[in-house]
Amino acid sequence: MSEKSLNLNLRVWRQKTADAPGEFVTYKLDNVSPDSSFLEMLDLLNEQLIETGEEPVAFDHDCREGICGTCSLTINGIPHGKGRMITTCQLHMRKFEDGETITVEPFRAQPFPVMRDLVVDREPLDKIIQAGGYIEQRVGSAQDANTLPISKEIADKAMDAAACIGCGACVAACPNASAMLFTGAKMSQLNLLPQGQPERYKRAINMVESMDDNGFGNCTNIGECEAACPKGISLDFIAMMNRDYAVAKVKRFFSGAA
Amino acid sequence: MTSLGKKYVMAVSGLILVGFVIGHMIGNLQMFLHPDWINAYAYKLQNLPYGLLWVVRLVLFAAVVAHIVTAVLLVIENRRARPRGYSVDKPIQSTFASRTMRYSGVILLAFIVFHILHFTTQHVHPEFRDLYRPLEGVPTMHAAYDLLEATGKNNVHDVYSMVAIGFSAQYWYVSLFYVIAMGLLFLHLSHGISSMFQSVGLRNHVWRVRLDRAALVISIALFLGFASIPVAGLLGILPYQDMVQGAYIHTHPTP
């Protein structure tokens, strides 16, 4: 572990309210430990700002162990910063150079309006879940888990999809602000399993329509989302969604519905 | 139409166009055989039974229109979804080709319009309409000679000379434009051929690698096959270069 501390120039997006224009403000922050996380570095910046009587920078954070999906930030153009499969709270300052200028921006997407500084509203992702990212289940005593056989391959794949923490990095990384990686993962984690079958095709249509209604863009299959995803969600789940939606529409057409 | 509906339209229209482009390239390579080959081939295409030529043209036109209209809708929606970009924007893993589909597509559209005016309607060189050459009866797979010779109609449009003159050194800029356009076709298809499978949900991480590689191989083959003809025309090194009609004089200005 390096003992040498870092002196940084932080170019941070400051925006007072959702309607305010916003601008970049550059701060100098000295003596940052390379062992601190990016969020701890921002905490240091805020302490410095409070001491000088300035408004601290607002940013989202919660668990600080990479599982809640609350932290965001686009750091030097990459959601959650450089490094594969990490969230911003798992990004360490040792990945930066002494004297480096670091640009910190909020996630950029029309459906994710900036609320303040680096905080964006990611509620549209919840709306997509509400449209079909669940199963309907009778309450009462649960049946024995082992009475429903699921092959290892399918269970693994469903778990890979379920690893999505809903942070929105896929939307932030996509030049079209498309939420297809998120929607594909949230749809496939259920559509792969027997418990998800009864509502499979209704789910496909409702989640895709909700995704469109919330103003997310279209996928151009470039794969930036997969690269930015802190959980390594694969483009395979977008393909699964594409297939399930196509089958759903064909079924709906031949069932005589509109 | 939903986002995915538009992606299906892009994929299916793209598939039709890729299929056409592969067939077109293979047909064009007859420029490296005796002039009878491409002239008899062109005659057969122009005289397909049941108006099939127009059926094919209409299908291709519909595919092009669908591909372009949908692409424009997608671009408009995508701009609306991301009105503000990043001040620092760094692609992580996406390819140059995948990020520039809209630009390669627009230039290819300009190329297609020029190409049709050049060799199909021949508005660029109206004199091309007067180029005729009798089939010599060299054995080809088209079997047009025996039928036409019997009816005395074997003086067919000399596509061989038309293409060779169109790409000759005096029109070096035309050949250059064709080669550049085929470079863009390579870019467009190196992403598109694999992407269409993703759009309709027929791809996973195993097939993604295979399809990406197949797309690369097909796009390189298309580039080499197509670009070889303007290059050979420009350098005057077609195998039957001496059979190019020499009396051609360009009199009409470009419209």
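Student: What percentage of the 255 residues in chain B is buried?

Tutor: Buried residues account for 35% of the 255 residues in chain B. A residue is buried if 20 or more other C-beta atoms lie within 10 Å of its own, exposed if 12 or fewer, and partly exposed in between, with C-beta atoms placed from the backbone. Please note that this is a predicted model: local features need pLDDT of at least 70, side-chain atom pairs count only at pLDDT 80 or more, and totals for chains, interfaces and linings use all residues. Residues are numbered from 1 along each chain as its sequence is written, while chains are lettered from A and ligands numbered from 1 in the order in which they are written.

Student: How many helices and strands does chain B have?

Tutor: Chain B has nine helices and two strands, and their pattern along the sequence is α-α-α-α-α-β-α-β-α-α-α. Helices (H or I, at least four residues) and strands (E, at least two) are DSSP runs, numbered from the N terminus. Along the principal axes, the C-alpha atoms of chain B fill a box of roughly 65 × 40 × 35 Å.

Student: Is Y103(B) buried or exposed?

Tutor: Y103(B) counts as exposed because it has 12 C-beta neighbours inside 10 Å. Y103(B) is in helix α5 (residues 101–120) of chain B. From K7(B), Y103(B) is 96 residues away in sequence and 18 Å away in space, C-alpha to C-alpha.

Student: How many residues does each chain give to the contact between A and B?

Tutor: Chain A gives 39 residues and chain B gives 35 residues. Two residues are in contact if their C-beta atoms, placed from the backbone, lie within 7 Å.

Student: Which element of chain A gives the most to that side?

Tutor: That is α8(A), with eight residues. β5 (101–105), α6 (200–213), α7 (224–228) and α8 (236–254) of chain A each supply at least two residues. By class, the side of chain A that touches chain B divides into 18 nonpolar, 14 polar and seven charged residues. Here Ala, Val, Leu, Ile, Met, Phe, Trp, Tyr, Cys and Pro count as nonpolar, Asp, Glu, Lys and Arg as charged, and the others, Gly among them, as polar.

Student: Let us turn to chain A itself. How is it divided into domains?

Tutor: Chain A has domain 1 (6–116) and domain 2 (123–135 + 150–254), with bounds that come from an automatic or database domain assignment. The C-alpha centres of the two domains of chain A lie 28 Å apart. Their contact takes 18 residues from domain 1 of chain A and 17 residues from domain 2 of chain A.

Student: What is the strand order in the five-stranded sheet of chain A?

Tutor: The order in this open sheet is β2-β1-β5-β3-β4 (chain A), with mixed pairing. Two strands pair if DSSP finds at least two bridges between them.

Student: Why do β2 and β4 of chain A each have one side without a neighbour in the sheet?

Tutor: β2 (23–32) and β4 (78–79) of chain A stand at the edges, each with a single partner strand, so one side of each has no neighbour in the sheet. Strand β3 (residues 74–75) of chain A runs antiparallel to β4(A) and is joined to it by two bridges. One bridge pairs T74(A) with P79(A) in β4(A).

Student: What about the loop between β3 and β4 of chain A?

Tutor: N76(A) is in that loop. Although N76(A) is not a glycine, it has a positive phi of about 50 degrees. It counts as partly exposed because it has 19 C-beta neighbours inside 10 Å.

Student: Where is N221(A)?

Tutor: N221(A) is in the loop between α6 and α7 of chain A. Its phi is also positive, near 55 degrees. N221(A) is buried because 26 other C-beta atoms lie within 10 Å.

Student: Finally, which residues does L192(A) touch?

Tutor: Not counting residues up to four places away in sequence, L192(A) touches I154(A), K157(A), A158(A) and A161(A). L192(A) is found in the loop between α5 and α6 of chain A, and it counts as buried because it has 24 C-beta neighbours inside 10 Å.
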